Amino acid sequence: MNNYRNIPNFHWYINVLKDIIKLNKENKVGNVDRLISEQFLDMSIRVPSIRFLLVSTCIELVTASNENEQEYYSIKHGLRNYIWIIGEYYNDYIDQKDDDYEDDNEDSEFIEASEIIKLVSEQSIIKKLSTNINDNTTPVYIQSMAKLFNQFCQSFGEEVSILQLESIIESCKTLISWLEGFENSVNFEVQERACSFLEILKLALDSLESESAELSSNSLETSTRIPNFINTAYNLLFTGFKIKPVSHNMQLKIPLPEDQTKKKKKNSQIRMMRLLALIINQIL
């Protein structure tokens with residue numbers, strides 16, 4: 001409440017919310033997982049300095065179901081927000097990993113984007129959710145996984161070694177195989193996103209394999225550039241202006257267009273004339 005006025009420390013607050021999630025796995029109070037995920041989402045946008053801890057926590061929550069599928073159900077209403085945070089702010093997670101945030105999160109191990117893609121692709125529960133025509137979690141998963149692959153590619157810089165190129169190819173194949181499971185989904189939003197990214201990633205895979213074959217044929221070369229298709233076309237799908245928080249009262253500070261102001265004034269005059277006519281009729 002009151003824009004976190006009573007929160008002494010955001011690291012403390014995140015840990016409190018994590019404890020509530022753990023307690024709720026046994027108590028199973030409805031809607032708690034959604035409310036907590038909305039707090040995570042709000043903090044991720046408004047407090048950049050704690051994004052490492054937030055992304056790390058979200059990775060832990062999203063991949064926990066690989067060990068116990070029932071845990072996934074206890075937080076399923078918050079999963080779309082958790083995976084969105086991972087996809088949107090994974091770069092902040094990379095940038096802040098060597099800072100002091102690791103001291104507050106000693107139990108968490110840094111996880112590469114390729115590993116997250118692999119872990120999520122192994123979860124059968126995502127496919128179960130996508131069979132619901134009203135499922136709104138899987139579409140966000142598809143978008144975020146595509147973002148993660150792009151961030152994985154960009155994390156190497158302009159040049160990559162043979163081994164790094166092979167790891168990108170392997171990650172691309174994993175993602176394509178995962179998306180193929182949604183091609184015939186009854187949920188149209190899931191099907192459309194899956195098919196769209198499938199076609200793009202197949203083009204990306206072709207360019208990667210061509211580069212790999214060329215590098216293998218040249219024994220003198222030990223590194224190569226990431227294909228232009230990935231660095232330009234694919235990367236541009238996810239780069240743009242960063243999302244920033246907007247004050248509740250900000251809209252009131254934006255003046256109406258001149259034609260709208262005149263229209264508003266005219267409508268006010270008409271209402272006043274009607275009110276005046278009504279008063280005159282009552283007097284007469």
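**A walk through the model**

Mentor: The secondary structure of this protein comes to 13 helices and two strands, where helices (H or I, at least four residues) and strands (E, at least two) are DSSP runs, numbered from the N terminus. This is a predicted model, in which local features need pLDDT of at least 70 and side-chain atom pairs count only at pLDDT 80 or more, while totals for chains, interfaces and linings use all residues. Residues are numbered from 1 along each chain as its sequence is written, and side-chain values use heavy atoms, with hydrogens and water left out.

Trainee: OK, how much of the protein is buried?
Mentor: Of the 284 residues in the protein, 37% are buried; buried means under 20% relative accessible area, exposed means over 50%, and partly exposed is in between (1.4 Å probe, protein chains only).

Trainee: And what does the accessible surface come to?
Mentor: The accessible surface of the protein comes to about 17,300 Å², and 51% of that belongs to carbon and sulfur atoms. Such areas come from the Shrake-Rupley method with a 1.4 Å probe, and for residues only the protein chains shown count as cover.

Trainee: Switching to rings, how many aromatic pairs are there?
Mentor: A search of the whole structure finds 10 aromatic pairs. Rings of Phe, Tyr and Trp (its six-membered ring) pair if their centres lie within 6.5 Å, and planes under 30 degrees apart count as stacked, over 60 as edge-to-face and the rest as tilted. In the pair of Tyr90 and Tyr93, the ring centres are 5.3 Å apart and the planes are at 45°, so this pair is tilted.

Trainee: Where do Tyr90 and Tyr93 sit in the chain?
Mentor: Both belong to helix α5 (residues 79–95), and because they are three residues apart there, about one helical turn separates them. Tyr90 and Tyr93 are both buried, and for Tyr93 the relative accessible area is 1%.

Trainee: Which other ring does Tyr93 form a stacked pair with?
Mentor: Tyr93 forms a stacked pair with Phe110, at 4.8 Å centre to centre and with 15° between the planes. Tyr93 lies in helix α5 whereas Phe110 lies in the loop between α6 (101–104) and α7 (113–121), so the pair ties together parts that are 17 residues apart in sequence. Phe110 counts as partly exposed, at 25% relative accessibility.

Trainee: Which residues make up the cluster around there?
Mentor: One aromatic cluster is formed by Phe52, Tyr90, Tyr93 and Phe110.

Trainee: Now charges: how many salt bridges does the structure hold?
Mentor: The structure holds seven salt bridges, a salt bridge being a side-chain nitrogen of Lys or Arg within 4 Å of a carboxyl oxygen of Asp or Glu. One of them joins Asp42 and Arg46, whose closest N and O atoms are 3.0 Å apart.

Trainee: How far apart along the helix are Asp42 and Arg46?
Mentor: Asp42 and Arg46 are four residues apart in helix α2, so they are separated by about one helical turn. Asp42 is partly exposed at 27% relative accessibility, and Arg46 is partly exposed too, with a relative accessible area of 33%.

Trainee: What span should helix α2 have?
Mentor: The 15 residues of helix α2 (residues 32–46) should span 21 Å at 1.5 Å a residue, and the end C-alpha atoms are 21 Å apart, which agrees; the expected span is 1.5 Å times one less than the number of residues. The buried residues of α2 include Ile36, Phe40 and Met43.

Trainee: Back to salt bridges, which parts of the chain does the one between Glu209 and Lys173 link?
Mentor: In that salt bridge the closest N and O atoms of Glu209 and Lys173 are 3.8 Å apart. The pair links distant parts of the chain, with Glu209 in helix α11 (residues 188–217) and Lys173 in helix α10 (residues 162–180), 36 residues apart. Glu209 is partly exposed at 34% relative accessibility, as is Lys173 at 39%.

Trainee: What do the buried residues of α11 pack against?
Mentor: They pack against α8 (124–130), α9 (138–154), α10, β2 (223–225) and α12 (228–236), and among the buried residues of α11 are Phe197, Leu201 and Leu208. Packing here rests on contact, meaning heavy atoms within 4.5 Å.
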